[in-house]
Amino acid sequence: MNIPVNTPLLDESDKSALIKCIDSGWISSEGPLIAEFEERFAKYIGREHAIACSSGSAALDIACAAIGLKDDDEVIMPTFTIISPALSVIRMRALPVLVDCNEETWNIDVFQIEAKITSKTKAIIVVHIYGFPVDMNPVVELCKRYNLLLIEDAAEMHGQTYYDNKCGSFGDISIFSFYPNKHITTGEGGMILTNSDFFASRSKKLRNLAFEPNLRRFVHEEMGWNYRMTSLQAALGISQLNKIDQHIKRKREIGKKYQKLLSGLPYFSLPIDELNFSTNIYWVFPLVAENEIIAEKVVEYLNSNGVGTRPFFWPIHEQPVFNKIGLFVNQSFPKAEKASRCGFYLPSGLALNDDEIEYVCKIVWQSISTL
Ligand SMILES: *Cc1c(COP(=O)(O)O)cnc(C)c1O
């Protein structure tokens, strides 16, 4: 068997949505489908405005520009995350101020945030990691008390809830990704959500080269991007959104099946299934080994038996690209360092079937006997 770490689930209704879009002739960002996808996604999460764009990373660039980050602003964010939010902050010449993760969910340790707040702090970026939301109440309280803006990276959390509220409903600006390993996909794609008319109009302008509505066409007063989504992507997005509840249900089934078949696995910790504020959405199924050597050996065994894996994120403070420009040098965040070296995840794509899960688990158990 050969089981990639992710296989997306696309079906006939997705195909016919794409064909319909092609037949309509509206394939750029013009036409009715972008607005329809935006409206439906805004409604699904429960926000006033949705602005579709070309990726989750593009959405973060726009979010950081829309809130007006500038030189010397500080933005508190997790060190354990994909590089995108740090890139967006640094490109605005602002400074990410990093916080370690907790060991249970690998989300930002919310109890270490307040000590990092200074007079320069402008915003907090939370990133919901792998299966659980960040513990939002303490973060929201800090934002209110210190008058900070909140950017919420919900790229892995479509449909996940924190108590009764959906992820993506917390940020002054929240973002999603529709990369093929997310709960719904548009191939590449992203979304910005906000309740603020101002941030919404800023975001719309910035995704479209910052064209000025009141100036002669092609005369610009600020720097934007072409981060527009295409109608082909929106057509797929609408079709996928119709199936989001089934997708989430299947993700949780996959997670539960792994939990059952891997229960009692020595040398590894399995993910938590439930917290008081949330049930694991199992965006991926992560394993963390007792030490780096065990992780390496097991990954090698899995890969050589056709089981795809993906290592955990590499901490922002250890990214060569940032260290080279003098950022985060000599900083240390032990929990993120341990997770990044000992953690990886198993095949978790929506098209994964039960036989494949059973095969993966068989190989995982076999790998233990080789240690
Ligand atoms: C996938 C992901 C992104 C980036 O989204 P792209 O669409 O791939 O640019 C950002 N943040 C998190 C947490 C992600 O998982």
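In these legends, Ala, Val, Leu, Ile, Met, Phe, Trp, Tyr, Cys and Pro count as nonpolar, Asp, Glu, Lys and Arg as charged, and the others, Gly among them, as polar. This is a predicted model, where local features need pLDDT of at least 70 and side-chain atom pairs count only at pLDDT 80 or more, while totals for chains, interfaces and linings use all residues. Residues are numbered from 1 along each chain as its sequence is written, and side-chain values use heavy atoms, with hydrogens and water left out.

**View 1. The shell around the ligand.** Three nonpolar, five polar and three charged residues make up this shell. Among the residues surrounding the ligand are Ile82, Val127, Glu156, Ser177 and Lys182 (near means a heavy atom within 4 Å).

View 2. Glycine 56 brings a backbone N or O atom to 2.8 Å from a ligand oxygen. Serine 57 uses its side chain instead, with an N or O atom 2.6 Å from an oxygen of the ligand. For aspartate 153, a polar side-chain atom lies 2.7 Å from a ligand nitrogen. Taken alone, the ligand exposes 380 Å², and the protein buries 91% of that (Shrake-Rupley method, 1.4 Å probe).

**View 3. Cysteines without a partner.** How many disulfides does a search of the whole structure find? It turns up zero, a disulfide being a pair of cysteine sulfur atoms within 2.5 Å. Cysteine 64 has its nearest cysteine sulfur, that of cysteine 53, 12 Å away. Cysteine 64 counts as buried because its relative accessibility is 0% (buried means under 20% relative accessible area, with a 1.4 Å probe and protein chains only).

Conventions
Polar contact = N/O pair within 3.5 Å; in protein donor to acceptor, adjacent residues only side chain to side chain. Buried < 20%, exposed > 50% of the residue type's maximum accessible area, 1.4 Å probe, protein only.
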